[in-house]
Amino acid sequence: APCLELVNDSESVHAWNVMRKSRSKLYSYRLCLADAMDPMLRHERWQLDNGWVANIDPVSLKEILAEYEGTHDFVCFAGALEANERKTGVKVSTIRTVRKCELVCEDAARGLYRVDIYLDGALYKMVRNLVGTAIDVCQG
């Protein structure tokens, strides 16, 4: 069965909203776990400070990230939740399902990794906060 069906109906196309109609999403967060990083990657990757890199074990980080999988209340990982509720007048559920959360090695020699988080939907700044918390926990 096709994953996407194109309809030649201009009203349908304009009414479709990717944020509201998608069933799941992939968020990728790129990291550099080496002491030095190619300066050309500085706009697309988070390079951890040298003091942090020494304490990050990719195997441990992978185990920590796996703890996010499942359906949980992610209220602690949301950013500006109350401000958004005041602004819109809508109380948003903070229950989310993370289908898979994994650490992918892109280039071990250069210390390049990627955190892929597959989920039904994320709260504002949730993915950033999940990755930052996992790094903090990995440091001990």
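**Tyr 124.** I began with Tyr 124, which is partly exposed at a relative accessible area of 48% (buried is under 20% relative accessible area, exposed over 50%, partly exposed in between, with a 1.4 Å probe and protein chains only). I was working on a predicted model, in which local features need pLDDT of at least 70, side-chain atom pairs count only at pLDDT 80 or more, and totals for chains, interfaces and linings use all residues. Residues are numbered from 1 along each chain as its sequence is written, and side-chain values use heavy atoms, with hydrogens and water left out.

I placed Tyr 124 in the loop between β5 and α6 (helices are DSSP runs of H or I with at least four residues, strands are runs of E with at least two, and both are numbered from the N terminus). Setting aside neighbours within four places in sequence, I listed Phe 77, Ala 78, Gly 79, Ala 80 and Asn 84 as the contacts of Tyr 124 (contact means heavy atoms within 4.5 Å). I also noted a C-alpha separation of 7.5 Å between Tyr 124 and Leu 81, which are 43 residues apart along the chain.

**Lys 125.** I looked up Lys 125 in the loop between β5 and α6. Lys 125 is not a glycine, yet its phi is positive, about 65°. Most residues other than glycine have a negative phi. I recorded Lys 125 as partly exposed, at 37% relative accessibility.

**Gly 70.** I found Gly 70 in strand β3, residues 70-73. Gly 70 is partly exposed at 26% relative accessibility. Not counting residues up to four places away in sequence, Gly 70 touches Arg 96, Thr 97 and Val 98.

**α4 against α6.** I then turned to helix α4 (residues 58-66) and helix α6 (residues 126-139), whose axes come within 9 Å and cross at roughly 130° (axes are lines fitted to C-alpha atoms, for helices over the stretch in contact, and angles run from 0 to 180 degrees between N-to-C directions). The angle makes α4 oblique to α6 (under 35 degrees is roughly parallel, over 145 roughly antiparallel, 65 to 115 roughly perpendicular, and the rest oblique). I logged the crossing of α4 and α6 as right-handed (the near helix is turned clockwise from the far one by less than a right angle).

On the α4 side I listed Ser 60, Leu 61, Ile 64 and Leu 65 in the contact, and on the α6 side Ala 134, Ile 135, Val 137 and Cys 138.

**Sides of α4.** I found Leu 61, Ile 64 and Leu 65 to be the buried residues of α4. They cover an arc of only 100° around the axis, so they lie on the same side of α4 (the arc is that of the directions from the helix axis to the C-beta atoms). On the other side of α4, Val 59 and Glu 63 are exposed. I noted that the buried residues of α4 pack against β1 (25-32), β4 (95-107), β5 (112-119) and α6.

**Whole protein.** Last, I noted 6 helices and 5 strands, in the sequence pattern α-α-β-β-α-α-β-α-β-β-α. Of the 140 residues, 31% are buried. Among contacts between residues at least 6 apart in sequence, 62% join residues at least 24 apart.
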